[in-house]
Amino acid sequence: MTDRLKGKRALITAAGQGIGRATAEMFVAEGAEVFASDVNPDLLSGLDCEVLTLDVRDDASVRAGVDRAQPDILFNCAGFVHHGTVLDATDEEWDFAFDLNVTAMFRTIRATLPVMLKRGGGSIVNMSSACSSVMGAPNRFVYGTTKAAVIGLTKSVAIDYIKQGIRCNAICPGTVESPSWLDRVDALGKQLGSRDKAMEQFVSRQPMGRVATATEIAALVTYLASDESAFTTGHPHIIDGGWSGQ
Ligand SMILES: NC(=O)c1ccc[n+]([C@@H]2O[C@H](COP(=O)([O-])OP(=O)(O)OC[C@H]3O[C@@H](n4cnc5c(N)ncnc54)[C@H](O)[C@@H]3O)[C@@H](O)[C@H]2O)c1
């Protein structure tokens, strides 16, 4: 299909690699005017759209990005995976993860909503995870807590602006192949003494016997961003290869 996002302006955070980049590419293919942003501008090269440096942890940077993009679609993709249990987490790690995974969405939505309201509506898609209020995963204490908060934030925005044409949804992927996931496989491989064992541990929890591609997740973001999902708001959308469906 083409042109499902024609006439729409889209701002994507963390579009340099992984799910954010795959989504930027799909949005472009579907006819959107895309503003692909990342804290690391080097990662944005090669994308066939406007690119901008945007640090979601910095309010001035967020406001400048929103001013330039004037978006009808906001995909809040930036996030970080902390590894460990409650006893492994420091205050600094907790604060960092909440700032990047949750407070950043408060910043981007606060900056974007007035633009969307002026333009007569919009669609916000927030990156949560299957590891959240949906289910627990081992060694994901800080991560799962932040991603559960994203679902509450999403529902709150959705109900407050439902009458003004703003939709707000969250997506909850299972494990997805991306550069940071491959780093996590390497790190676990060092702990287990074998990268293959680490890969097997990640893959075995996915009943389909494989992890997702970033493009498979981008397809859900595209649906939620488009008018095809016009009757859908306030929900976490699980896309996890059957992980939480067992
Ligand atoms: N990969 C998975 O298995 C998986 C599963 C569920 C949810 N997620 C979520 O998807 C999102 C993207 O993850 P991924 O694995 O596709 O990509 P990734 O982790 O490989 O890439 C993350 C990107 O975020 C950017 N970034 C980091 N700090 C930033 C900041 N302060 N401002 C703006 N950008 C910043 C990085 O430069 C990088 O381009 C994250 O929120 C992650 O939690 C990932």
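Let's start with asparagine 139, which is partly exposed, with 14 other C-beta atoms within 10 Å. (Buried takes 20 or more other C-beta atoms within 10 Å of a residue's own, exposed 12 or fewer, and partly exposed lies in between; C-beta atoms are placed from the backbone.) This is a predicted model, where local features need pLDDT of at least 70 and side-chain atom pairs count only at pLDDT 80 or more, while totals for chains, interfaces and linings use all residues. Residues are numbered from 1 along each chain as its sequence is written.

**Positive phi in loops**
- Asparagine 139 has a phi near 60°, positive even though the residue is something other than glycine.
- Its place is the loop between strand 5 (122–127) and helix 4 (141–161); helices (H or I, at least four residues) and strands (E, at least two) are DSSP runs, numbered from the N terminus.
- Glutamine 70, also not a glycine, has a positive phi of about 45°.
- You'll find glutamine 70 in the loop between helix 2 (59–69) and strand 4 (73–76), and with 15 C-beta neighbours inside 10 Å it counts as partly exposed.

**Strand 5 and its partners**
- 6 of the 6 residues of strand 5 are buried, so the rest of the structure largely encloses this strand.
- Gly122, Ile124 and Asn126 are buried on one side, and Ser123, Val125 and Met127 on the other.
- Strand 4 runs parallel to strand 5, joined by 4 bridges; strands pair if DSSP finds at least two bridges between them.
- Within strand 5, serine 123 stands opposite isoleucine 73.
- Getting from strand 4 to strand 5 takes the chain through helix 3 (residues 91–119), in a right-handed β-α-β crossover. (Right-handed: with the strands pointing away from the viewer, the path from the first strand over the helix to the second runs clockwise.)
- Strand 6 (residues 166–173) also pairs with strand 5 in the parallel sense, over 6 bridges, and cysteine 168 in strand 6 is the bridge partner of isoleucine 124.
- Another right-handed β-α-β unit is made by strand 5, helix 4 and strand 6.

**Around the ligand**
- The ligand is surrounded by 30 residues, the closest being Ala14, Gly18, Gly79, Ser178 and Ser180; the cut-off is a C-beta atom, placed from the backbone, within 6 Å.
- Helix 1 (18–29) and helix 5 (179–192) are the elements giving two or more residues to this shell.
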